[in-house]
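Dear colleague,

I am passing on the structure we spoke about, together with some notes on what came out of it.

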Amino acid sequence: MRVLTVDALVVCAHELGRVGLIHSQSFVTVEGRPVLVRADPEGRPIGGCPNIGPTIKPCTSTLAVQKGYSTLATIDGKPMCLDSLTGLTDGTPPGTVKYKVNAPGQTLVTEAG
């Protein structure tokens, strides 16, 4: 599994909704880009979700991560984010629409499981 950087492409299940990632640490980087750690992908805005309709709410925010935090490596006590990252969005139908990683933002660092 690859480690995520702030340049990772994280999208909602509708594929066009992109998550606006922000990093909370900057002292560990890959190719000069900060590595994401626990809580970085949570509560982030999603822009461009095409799931729109009269009674349909598009994905606009990420909720808690369900899986994808490292169990082996931490930065300042927080687990790093991996490309297996997934969780729910606030889109409709509630409790079913997930976000996922389409690209980790780097190709050098992996975690062996």
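Gln25 sits in the loop between β2 (18–19) and β3 (29–30), and it is buried, with a relative accessible area of 7%. Buried means under 20% relative accessible area, exposed over 50%, and partly exposed in between, with a 1.4 Å probe and protein chains only. Leaving out residues up to four places away in sequence, Gln25 touches Pro34, Val35, Val37 and Ile75, contact being heavy atoms within 4.5 Å.

Please keep in mind that this is a predicted model, in which local features need pLDDT of at least 70 and side-chain atom pairs count only at pLDDT 80 or more, while totals for chains, interfaces and linings use all residues. Residues are numbered from 1 along each chain as its sequence is written, and side-chain values use heavy atoms, with hydrogens and water left out.

As for the overall build, the protein chain has 0 helices and 8 strands; helices (H or I, at least four residues) and strands (E, at least two) are DSSP runs, numbered from the N terminus. The radius of gyration of the protein chain is 14 Å, close to the 13 Å that the globule rule gives for 113 residues, so the chain is as compact as a globular protein of that length. That radius is taken over C-alpha atoms, and the globule rule is 2.2 Å times the number of residues to the power 0.38. Of the 113 residues, 42% count as buried, and among contacts between residues at least 6 apart in sequence, 61% join residues at least 24 apart.

Strand β7 (residues 78–89) is mostly covered, with 9 of its 12 residues buried. It pairs in the antiparallel sense with β6 (residues 62–75) over 6 bridges and with β8 (residues 98–103), again antiparallel, over 3 bridges; two strands pair if DSSP finds at least two bridges between them. Ile75 stands opposite Lys78 in β7, and the bridge partner of Gly87 in β8 is Tyr99. β6 and β7 form a hairpin with 2 residues between them, and Asp76 in the turn has a positive phi of about 55 degrees. Asp76 is exposed, with a relative accessible area of 68%.

Two further backbone features may deserve a look. Most residues other than glycine have a negative phi, and most peptide bonds are trans. Glu31, in the loop between β3 and β4 (33–34), has a positive phi of about 55 degrees although it is not a glycine, and a cis peptide bond joins Thr92 and Pro93, with omega about 0 degrees. Pro93 is found in the loop between β7 and β8.

Cys12 is in no disulfide, the nearest cysteine sulfur, that of Cys49, being 3.8 Å away. The sulfur of Cys59 is 3.9 Å from the closest cysteine sulfur, in Cys49, which is too far for a bond. Cys12 is buried at 0% relative accessibility, and Cys59 is buried at 2%.

With best wishes

Notes:
A disulfide is a pair of cysteine sulfur atoms within 2.5 Å.
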